[in-house]
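Student: I have a structure to look at and some questions about it. Could you go through them with me?

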Amino acid sequence: MAKITSHETNLFIPNYELNLNLLQFSYEQEFTLESGETLARFNLVYGTSGTLNETKDNVVWVCHALTGNASADDWWSGMIGEGKFYNPDEHFIICANILGSHYGSTGPFSWNNKTDDRYYHDFPFVTIRDMVNAMELLRIHLGITKIHTCIGGSLGGQQAMEWAILQPTLIDNLILIATNAYHSAWGIAFNESQRMAIETDPTWKEKRPDAGIQGMKTARSIALLSYRHYETYTQKQTSPDKNKQDDFPASSYQRYQGEKLAKRFNAFSYWVLSKAMDSHNVGRGRGGVEAALRVIRSKTLVIGISTDILFPVSEQKYLAQTIPNAQYTEIDSIYGHDGFLVEFEILSQILKKFYISSDIPKDIPVEKE
């Protein structure tokens, strides 16, 4: 393992601030993807906090979602850090940036030796399974033989689930939040609509770092509607001025969120990762979804969010019913799918009960702001 530098990450990204506290794993052999395409080599940027204990049984591996990165203590600060549920004083916490992402791992801005240019649109199609196979190589490199807890929400949950099937005896505790066994037609339609928004940007076909960025702002606005809920907007974005006729808070909020993402992400990675999410199906090549889920041997907790319209609770209930001895609980939240990034207190309560007891409360009230 080595500290990364801006040169090593092969990045050419406007407004990208490299976290030099992160590490880089370089795999210098050909890596075959599920599609049959290959990467001549790849890098994974990853972050760690805490110390691996003598028995090497305190590993908490966090799998990030679509636009996340390897700094889990940043984007999930309510759950990870000193005094938080996953405390580096007790746990060795790892988060790896996935293949195709914006934050340093091999992706569309990496160098393609075949063309002597950056990949851009030519970056090969990657699946959730490809991402997990790459993380498995990182795990082996780090000498980790047991993961105490693997946890992820959304696309992160898809990775964690895939890993528990790929290596059934590796993960002691598997925590799947607001995720599914295969991506639904509904979810794929949302993702396709976002890619269509990117396609409307006249710069999208150009090979330059900011290509499609205006379209991605619209894509983010579309995505946000699936991440949140009617009540989220009603309580947080309703104008107090009942005589107002234009320039509503909800309008400026949508635009703000698009601008915010454009400052930290790129349209190429957005496209690649949304396609990877669409590809998610744990049953592919394994005799079907049910057969694949029944391979899991981890003690499993599945958490749904009552107002999640992108990953409705029926998908989490199916997981809990199909994974052997899995437990299910549900968070009542106004924040929709994004509840797993917001409801830190209630999530911590649920996890504490999971680790000390097999009885998970079905209804735990969430304090509303």
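Student: Where is the place of Ser 154?
Tutor: Good place to begin, and keep in mind that this is a predicted model. Look at the stretch from β10 (147–153) to α3 (155–166). Ser 154 is in the loop between β10 and α3.

Student: What is the phi of Ser 154?
Tutor: Most residues other than glycine have a negative phi. Ser 154 is not a glycine, yet its phi is positive, at about 60°.

Student: Is Ser 154 buried or exposed?
Tutor: Buried means under 20% relative accessible area. Ser 154 has 5% relative accessibility, so it counts as buried.

Student: And Asn 325, where is that found, and is it buried or exposed?
Tutor: Asn 325 lies in the loop between α10 (313–322) and β13 (327–331). Phi of Asn 325 is positive too, near 60°, although this residue is not glycine. Exposed means over 50% relative accessible area. With a relative accessible area of 74%, Asn 325 is therefore exposed.

Student: How many disulfides does the structure hold?
Tutor: A disulfide is a covalent bond between the sulfur atoms of two cysteines. Here the count of disulfides is zero.

Student: Why is Cys 63 in no disulfide?
Tutor: For a disulfide, the two cysteine sulfur atoms must be within 2.5 Å. The cysteine sulfur nearest to that of Cys 63 belongs to Cys 150, and the distance is 3.8 Å. Cys 63 is in no disulfide because that distance is not within 2.5 Å: it is 3.8 Å.

Student: Is Cys 150 buried or exposed?
Tutor: Under 20% relative accessible area is the cut-off for buried. The relative accessible area of Cys 150 is 0%, so Cys 150 is buried.

Key. Residues numbered from 1 in each chain as written. Predicted model: local features only at pLDDT ≥ 70, side-chain atom pairs only at ≥ 80, totals over all residues. Heavy atoms only, no water. Buried < 20%, exposed > 50% of the residue type's maximum accessible area, 1.4 Å probe, protein only. Helix = DSSP H or I, 4+ residues; strand = E, 2+ residues; numbered from the N terminus.
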